[in-house]
Protein chains: 2
Amino acid sequence: MSNLTDPEKKILQAAKQVFEAYGYTGARMQQIADTAGISKASLHYYFRSKEKLFDRIFEETMAEFIPLVSTWEESDNNWEVKLSGFITAFFTFLRRKSMLFIIQEVNRDPGLLAARKKDGKTKKNRFIAYFERLQLEGKIKHIDTRTLYIFLHSLCAYPILNSVIFKMNLQLSDKEYEHYMQDYPTMVAEFLIENIKNKNKSK
Amino acid sequence: MSNLTDPEKKILQAAKQVFEAYGYTGARMQQIADTAGISKASLHYYFRSKEKLFDRIFEETMAEFIPLVSTWEESDNNWEVKLSGFITAFFTFLRRKSMLFIIQEVNRDPGLLAARKKDGKTKKNRFIAYFERLQLEGKIKHIDTRTLYIFLHSLCAYPILNSVIFKMNLQLSDKEYEHYMQDYPTMVAEFLIENIKNKNKSK
DNA sequence: ACTTTTGCTGACCATTTGGTCAAACCATTC
DNA sequence: GAATGGTTTGACCAAATGGTCAGCAAAAGT
C-alpha cells in the first residue's frame, strides 16, 4: 500500500487535521502548509487547489467507514457478539470526531455524496439485510430494521458529536465524561440486545 | 416584547439564516446584507462586527432551548405524558437544523459556552432532578439518569442532524425520509417508556 | 424655515486568502 | 562537471472580505 511520496503523506496528514478542526471554509492553506512543514507553494505543487485537496481528504475519511460495514458478513459469531463488536468498533472510529466533519461538509455541499449515492442504489444496506435475515430466522423480535439502524447509529454517534454540550448539561468535566464514556458502548450494546432479542424462546 | 426596530429584525432574521446555512467562517456579511435587503454599510451600522452579530444569533438560538427545559416542572401530568410531550417538542425544535449549527460553532470556539457553564454549575439539570425523583418514588426502574438523558437526546437529535447520510444509507428519498420521521417521535417515546417503567408493579 | 439628529449608502481601505511563477535547489545521468 | 528533470520556495497577484467614512436624505426638534 501507500505509493505516496513522503511530502504527500505529510500534506495529507496535515490537511486532514486542519480540515477536521476548522471545516472547509475555516481551513487555511497556509496553516496546512505550516502544519506539514512546507511552503504554501509546495502545497499547491502537490495538490492543485484547496478543493482538490479537500475532496481527497473527504474521500479518505469516508473510506474509513468501509471496514466497519463488513462486520455483518465475516465470522459466524452470533448476532449479539457481532452487534457488540460493531458498537465498540464504531465508537472507536467516532472518537476522532471525524463524524462532525462529515456531517458538516455534507450539509454544506450535498454534492459530496453524489458519487456514493449511485453506489448505494445498487447494493442493499448490509446491516438491514443481516437483521432482516435474523428476523426471518426468528432470532430477533419483529421490529423495523430501519429504526433499529437509526437507533444504533444515534446512540453511538451523538454522545461523541455533542460531547461539549452534554458535558455542560450534565456538569461533568472532560475527565469525568471520558471516564463515563468508557462503559458507554457496553451499555448501548446491552440495551439494544435486551430490546431486540426474542423473548418467547420456546425453542 | 420585541423592542427591535424593523431593520434590526430583518437583519437578525437574515443573519440567522445565513449563519445557520454556512457557519461562522462560511457566512459572508455581504450575503447577510443582501438577504436583509440593505447595504453592507447599514449592516455594520446596526451591528458593529461580524463577531458581535454572530454572538447575538448564537445567544438567541441557545435561548430557544429554555422553553423546552421547563417541561419537567409544569403541569402534573404523569411522567409518560411529560416525556412524550418533551420528545415531540424537542423534535419540532430540532427540525430547523439549528442543532448542527450549535454543535459546529461550539466545537469551533468552546468559549461560546463559557457564560452558560457558570449558570449550569449552580442549578441542577432539571431532567436529571425530575427522573431521580421518579426513581425515589419507585415509579421508574433504577437506571442511570445521565444515560437516560443521553439516550433521549441522541435518539431525538441525531436522525435530524445526520439525515443526509441516513437517507443515503437507507436508500430513502427526501419525501420518504420525511414521511418516516412523522412517526419517529412516537416510536422513540414508546421505546423509552417501555424500557424505564417499573415492571414489578406489585402495587 | 432651518437646524439637528438619525438612518442609510457608495466608495473606499487594509488585510486575508487561494493561487501563480520565475528562479533557486538538488539529485541523477551522461 | 555540465546538462537534465524533478522539487521547493520567496515574492507576487487578483479577488474576496470585514470594516470605515464622508456625505446624502429624511425625520425630528426648535
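Let me start with salt bridges between the two chains: across the interface of chain B and chain A, the rule finds zero of them. Please keep in mind throughout that this is a predicted model. What the interface of chain B and chain A does hold is nine residue pairs in polar contact, with both residues of each pair at pLDDT 80 or more.

If we look at which parts of chain B make up the side that touches chain A, we find that α1 (6–26), α7 (98–108), α8 (114–122), α10 (145–161), α11 and α12 (174–196) each supply at least two residues. The largest share of that side, 12 residues, comes from α10(B). Taken by residue class, the side of chain B that touches chain A divides into 30 nonpolar, 13 polar and eight charged residues.

As for extent, 51 residues of chain B are in contact with 51 residues of chain A, and the two chains bury about 4,500 Å² between them, with 73% of that area on carbon and sulfur atoms. Within chain B, the residues that lose the most area to chain A are B:F151, B:Y158 and B:M168, which together account for 15% of what that side buries.

Let me turn to the aromatic rings, of which the structure holds 40 pairs over all chains. One of these pairs is formed by A:Y149 and B:F166, whose rings lie edge-to-face, 5.9 Å apart from centre to centre and with 70° between the planes. Because A:Y149 lies in helix α10 of chain A, residues 145–161, while B:F166 lies in helix α11 of chain B, residues 163–169, this pair joins two chains.

Now to a boundary inside a chain, where chain A is divided into domain 1, residues 6–59, and domain 2, residues 64–196. The C-alpha centres of these two domains of chain A lie 29 Å apart, and 11 residues of domain 1 are in contact with 12 residues of domain 2. Between them, the two domains of chain A bury about 1,000 Å², 57% of it on carbon and sulfur atoms.

How many salt bridges are counted between domain 1 and domain 2 of chain A? The count is one, and in chain A the side chains of A:K16 and A:E64 meet in a salt bridge at 2.4 Å, N to O. On the side of domain 1 that touches domain 2, α1 (6–26) and α4 (50–63) of chain A each supply at least two residues, and the largest share, six residues, comes from α1(A). The residues of that side divide into five nonpolar, two polar and four charged.

Notes: Residues numbered from 1 in each chain as written. Chains lettered and ligands numbered in written order. Heavy atoms only, no water. Domains from an automatic or database assignment. Contact = heavy atoms within 4.5 Å. Buried area = accessible area lost by both parts, 1.4 Å probe. Salt bridge = Lys/Arg side-chain N within 4 Å of Asp/Glu carboxyl O. Helix = DSSP H or I, 4+ residues; strand = E, 2+ residues; numbered from the N terminus. Nonpolar A, V, L, I, M, F, W, Y, C, P; charged D, E, K, R; others polar. Phe/Tyr/Trp six-rings, centres within 6.5 Å; stacked < 30°, edge-to-face > 60°. Polar contact = N/O pair within 3.5 Å; in protein donor to acceptor, adjacent residues only side chain to side chain.
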